[in-house]
Amino acid sequence: MDVVSGKWKSLILWELDNYGTRRFGELKRGLPGVSEKMLIQHLREMEQDGLVHREVYREVPPKVEYSLTEHGRSLNEALGPLGEWGQRRAERLAAEAPTVSP
């Protein structure tokens, strides 16, 4: 569980799985609310854990792209049922929410 601990790691996995290779700015825009510091920290941890590949292009301006490794894709597949459970839970909670009359 430490590999996916934190609010943003599973969302980073989802973003890279759905959209493929992304630059840092694209990831930041795809994850509203994440701070630059937190995104950098999580990407570094995920790279160390072998979930994310970081490709640096030696050009001006510097270009860095992130993509999922095979290990990252397999983790994302394993998290799929948890995501489905969360979606059903959200739907159930929305259906059970009391309606507010004006």
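These legends describe close-up views of a predicted model. Local features need pLDDT of at least 70, side-chain atom pairs count only at pLDDT 80 or more, and totals for chains, interfaces and linings use all residues. Numbering starts from 1 along each chain as its sequence is written, and side-chain values use heavy atoms, without hydrogens or water.

**View A. The three-stranded sheet.** The strands form an open sheet in the order β1-β3-β2, with antiparallel pairing. Strands (E, at least two residues) and helices (H or I, at least four) are DSSP runs, numbered from the N terminus. Two strands pair if DSSP finds at least two bridges between them. β1 (22–23) and β2 (52–57) are the edge strands, each pairing on one side only.

View B. Six bridges join β2 to β3 (residues 63–68), and the two run antiparallel. E55 has E65 in β3 as its bridge partner. V52 is bridged to L68 in β3. The peptide bond from V60 to P61 is cis, with omega near -5 degrees.

**View C. Helix α1 on the sheet.** α1 lies across β1, β2 and β3. Its direction is at about 95 degrees to β3. Axes are lines fitted to C-alpha atoms, for helices over the stretch in contact (heavy atoms within 4.5 Å). Angles run from 0 to 180 degrees between N-to-C directions.

**View D. The largest pocket.** This pocket holds about 290 Å³ of space. A pocket is an open set of points on a 1 Å grid over the protein atoms alone, where a 1.4 Å probe fits, with protein on both sides within 12 Å along at least five of seven lines. Points are joined across faces, edges and corners, and the volume is the space filled by probe spheres set on them. Lining residues have an atom within 4 Å of a point; among them are M1, W14, N76 and G83. α1 (9–19) and α4 (70–96) each supply at least two lining residues. α4 gives the largest share, five residues. The lining has six nonpolar, four polar and no charged residues. Here Ala, Val, Leu, Ile, Met, Phe, Trp, Tyr, Cys and Pro count as nonpolar, Asp, Glu, Lys and Arg as charged, and the others, Gly among them, as polar.
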